[in-house]
Each structure stands twice: as C-alpha cells, then as structure tokens.
Amino acid sequence: MAIPGSRHPSLAQRAEARARLLLPELQQRGLRQLAITFVNHGGLPLVKGIPLARLPQVAASGVGFSPVSDGFGATGGIDGLQSLARPDGDLRLIPDLDSLVLLDVASGWGWLAGDRFEQDGSPYAADQRSFCRLQGDAAAMAGLTVNAGFEIEWVVGSPSGVGGYLSPTIGGSPYGADRLIEGLDYLSAITAALDAAGLPWLQIHPEYGASQFELSLAAADPLQAADQLVCARLIIQRVSLRFGWRASFSPMVSSERVGNGGHVHLSLERDGVPLFGGGNGPGGLTTPGQGALAALLERLPALLAIATPLAVSYRRLVPGRWAAPFQIWGVENREAALRLIPGGPEESSHLELKVVDAAANPYLLLGALLAVMVHGIDHPSPLPPPVVGDPARLGLTDTGENPAAPARLPRQLSEAVEHLRRDDLLAGVMGEALHHTVIESREAELRRSANLSEADLIATTCWWPPIQA
C-alpha cells in the first residue's frame, strides 16, 4: 500500500502481508495478472503488468520505472531538452492496494494505481498521485471535505487513412436517441464492464459530435476520483477495441467537429456544511465558498497549463463551442469556465470546471485545484459578479467591436505556461521538481507543435492517447 512519506521497512512488511491475504480472494475472482499504472506529465497512462502471484513482493518493493517516463510527450516521443530525458536512474512504482478493481474479467486482468518512490524508499518529488494525496490531506487538516467527479467525452472511430484523421463509426444525431440505438450494444458493453469493475457511474449518453459519447462518473474523494477516471478510460479503450474500433479522447479530432472535454465537478464542505450552496452570496454561495471560487477564477490562466496541456487543446477553447474560453463564472452558464450548479433533490450545489480536457493528468489537476481552493478560503479575495448570457456577445456593438467582453483565457499553450511559471502559490505547493518538470513538459509540447499547420497539429494528436509513437 502506497503511503506518503518514506517507505519504512515495517510499512513494506505490512503491505506484503496484506497482499498475501488478498491473493485467495483475487484468485477466486478469476484474476491472473495485474496492471499497475501511473499518469505522466503529458497525461499518458503508463503501465507495468505483473502475474498475480508476485503481488505481495511488488506491494512491498514495487516495480522499476525510469524517470524519463515523464518526458514522454503527446505522441509518445521524448524531447531531449528536458532534464528527465536521461538514461540513468530508476524509481519504484508501488501499487495502492485500496485502488484494486477488475479491468477485464474475461482475460483475468485487474488494475491498480501506483505511486512512485525513490530507490531508498523516500517519496519521488515529481510524483503526481502523491501530490494529489498530500493536497487532499491538507484540505482535510483545514476541516474541508472535497468530492470530485469527472465527465469523459470520447469519439469512437477508426483511422481514415487520410492524414491520420478519425472516421466516425456510429451514426445518429447530436444527443439523439437514434445514436443510442445505433450504439446500444457498444454502450451496453461499456456499462457492463464498468459495473464489473465496481466503478460507479451516473449517466452515459450521445454527445454533440459525430460518433461522440459522454460518461459521467460518480463523485468521490479526489484521489479516488482520479483513479476512477484512469481506469474508466482504459475500460472504454478496451471495449472499443473489442468492437474493432478505437476511442479518441483528443481535445480535437477534426477542425470541422467539436472536441472532447474532460470537465471536473467539485463539491466542498467544511464541518459538514456545504460551501457552494445555502449561503447569502450570489448563486447561494457561502463566504468561504466565494473565497474558493474567487481563487480558482484568479488562477485559471495558470491552471490552464495543467487542465489543457496540449497545443491542440487551445484549438478547442474558442467562443461558440461551449468550451468556456472566458475567465468568468456563472450560475448554470455553459460558456463560463467556472459553472456553479445549484443543488437539487439528489445533490448539493457544486462547481464545474469546464475548460478541462482529457489530456490533463487528473492527479496533478485535482491536487492543484485543492491547493488553490484551500488558499482562497484562508486568503479570500473579492468575487466578481456572475456573468449571464453568452460572454462573447456582451457589449457587442453594431460594428462588431466588443470592448466590454469578459477577459479571454490564454489562447495559446505558451501563454498558459508563462502564467504557471510565475504562479508562486502553485510553484510552492508543487515543489521545485514537480513544477519545473511539468513546465519542461509543456515547453517540449510547444517545440513539437511549433512548425505544424493547424491541420497537421490536429492530425498528430487526433488519436490521443497515441496509437503509435
């Protein structure tokens, strides 16, 4: 079991003993091998597979993984200018036994999330999952309870052979019941696999784009929510392949079609009292809820380098696509980067961060959001009024000028990177190693994309995660 802090020999012994106790149950459930993953700076899930019999040993001491893995970019290549692009060194990837789920029952595969440690058992300073856990612990110490839930958007298709683009495979209209019927066997297979894995989901439906779908996962504590996202996407990929198709989670699959988002929903309580509803502030916000939202709003330009990490991400963040490219908040406003959703009979009020796409590392993202919200509650700043209506049209004159339009978020990855580089709060909570190497990863993506046309940029990342290096 991965525990923050040094891997004391007694912790390793307890993890080994617990794994031995689990073996008979896992064998009875049909497991024969286990996949242990972590997500790198570029948002790519990386994996080591082990036979089930090795779980006790691996739970104690982990499996090796090179630090260069965080240097893998959007297409799987390694930019040699990154400090991690070196052949020496090794880390230990240690599975968290609490995260174990069934990945594919028929083939006997289970899945676990892993944390990375140095060879001497000390924490690896650039490990994203450990960062998420530590920020969750800091929020709990402040008396806060945070739950998070992800939406997953993807397009089902096959390589077209024309510039590497995706060819949709399931017909039907936007949000249409006809597409549900066209893809009913496919969606039934996905939901059955999610149920077998024990991953709670809220809804699944056709999205706006051709052959596009969305899955909403149930809320959980941030670490578990990120784990569920990683595993659910692997399940979607696996089921798609069984049908002879591929799933693309890319922010843009075509310049003519809408892209894929990866929105995250956040609820916040202190001492059991909801902070995003039931208060006297705008939209029912409480005073600490306003502080948390104001801090997120202020730091959105820096957070964008984490939430939308690819150059192609910014081709999606344009007005009119409901991708929320403005630095505003609103009550049920789908063009606001921060959308407050009032509570109803089944759920409390919560916040949706709409600018996120699937290329974001969920552990890194949730860790950063937690840190910013805690800071905002402790050091509140004024919250501007919510924006009502389409922000792209506010103040629009007859000449087409829009001097009163709300501020746009960064329009290019390079702008977001500079905001992250200068953000003292995020630099402090991430630590020098994590902050520096994440920025290096984004700089590598900028070099990769610098001389590509828009068509080539979309083509090179249309299949994300990449289907080939």
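Biologist: Leaving aside its neighbours within four places in sequence, which residues is threonine 37 in contact with?

Modeller: This is a predicted model, in which local features need pLDDT of at least 70 and side-chain atom pairs count only at pLDDT 80 or more, while totals for chains, interfaces and linings use all residues. Residues are numbered from 1 along each chain as its sequence is written, and side-chain values use heavy atoms, with hydrogens and water left out. Contact means heavy atoms within 4.5 Å, and apart from neighbours up to four places away in sequence, the residues in contact with threonine 37 are Leu46, Val47, Leu93, Trp111, Leu112, Ala113, Gly114, Val230 and Leu234.

Biologist: Is threonine 37 buried or exposed?

Modeller: Threonine 37 lies in strand β1, residues 33–39, where helices (H or I, at least four residues) and strands (E, at least two) are DSSP runs numbered from the N terminus. With a 1.4 Å probe and protein chains only, buried means under 20% relative accessible area, exposed over 50%, and partly exposed in between. Threonine 37 has a relative accessible area of 4%, so it counts as buried.

Biologist: Which side chain does a polar contact of 3.0 Å join to that of threonine 37?

Modeller: A polar contact is a pair of N or O atoms within 3.5 Å; within protein, one must be able to donate a hydrogen and the other to accept it, and residues adjacent in sequence count only if both atoms are side-chain atoms. At 3.0 Å, the partner of the threonine 37 side chain is that of tryptophan 111.

Biologist: How much space lies in the largest pocket?

Modeller: On a 1 Å grid over the protein atoms alone, a pocket is an open set of points with protein on both sides within 12 Å along at least five of seven lines, whereas a cavity is a set where a 1.4 Å probe fits but cannot get out; lining residues have an atom within 4 Å of a point. Grid points are joined across faces, edges and corners, and a volume is the space filled by probe spheres set on the points. For the largest pocket this gives about 1,000 Å³.

Biologist: Of the 39 residues that line the largest pocket, which are the closest to its centre?

Modeller: Strand β7 (144–159) is one of the elements that each supply at least two residues of this lining, and the largest share, six residues, comes from β7. Counting Ala, Val, Leu, Ile, Met, Phe, Trp, Tyr, Cys and Pro as nonpolar, Asp, Glu, Lys and Arg as charged, and the others, Gly among them, as polar, the lining has 13 nonpolar, 14 polar and twelve charged residues. The closest to the centre are Glu151, Glu214, His265, Arg339 and Glu352.

Biologist: Which element gives the largest share of the lining of the largest cavity?

Modeller: The structure holds one cavity of 30 Å³ or more, and the largest cavity has a volume of about 60 Å³. The elements that give two or more residues to its lining are β7 and α6. The largest share, three residues, comes from β7.

Biologist: How many degrees lie between the planes of tyrosine 186 and tryptophan 245?

Modeller: Rings of Phe, Tyr and Trp (its six-membered ring) pair if their centres lie within 6.5 Å, with planes under 30 degrees apart counted as stacked, over 60 as edge-to-face and the rest as tilted. The whole structure has seven aromatic pairs. Tyrosine 186 and tryptophan 245 form an edge-to-face pair, 5.4 Å centre to centre, and the angle between the planes is 65 degrees.

Biologist: Which residues do ring pairs link into a cluster?

Modeller: Tyrosine 186 is buried, because its relative accessible area is 1%. The cluster linked by ring pairs consists of Trp154, Tyr186, Phe213, Phe243 and Trp245.

Biologist: What is the phi of aspartate 271?

Modeller: Aspartate 271 is found in the loop between β12 and β13 (273–274), and it counts as exposed because its relative accessible area is 68%. Although aspartate 271 is not a glycine, its phi is positive, at about 55 degrees.
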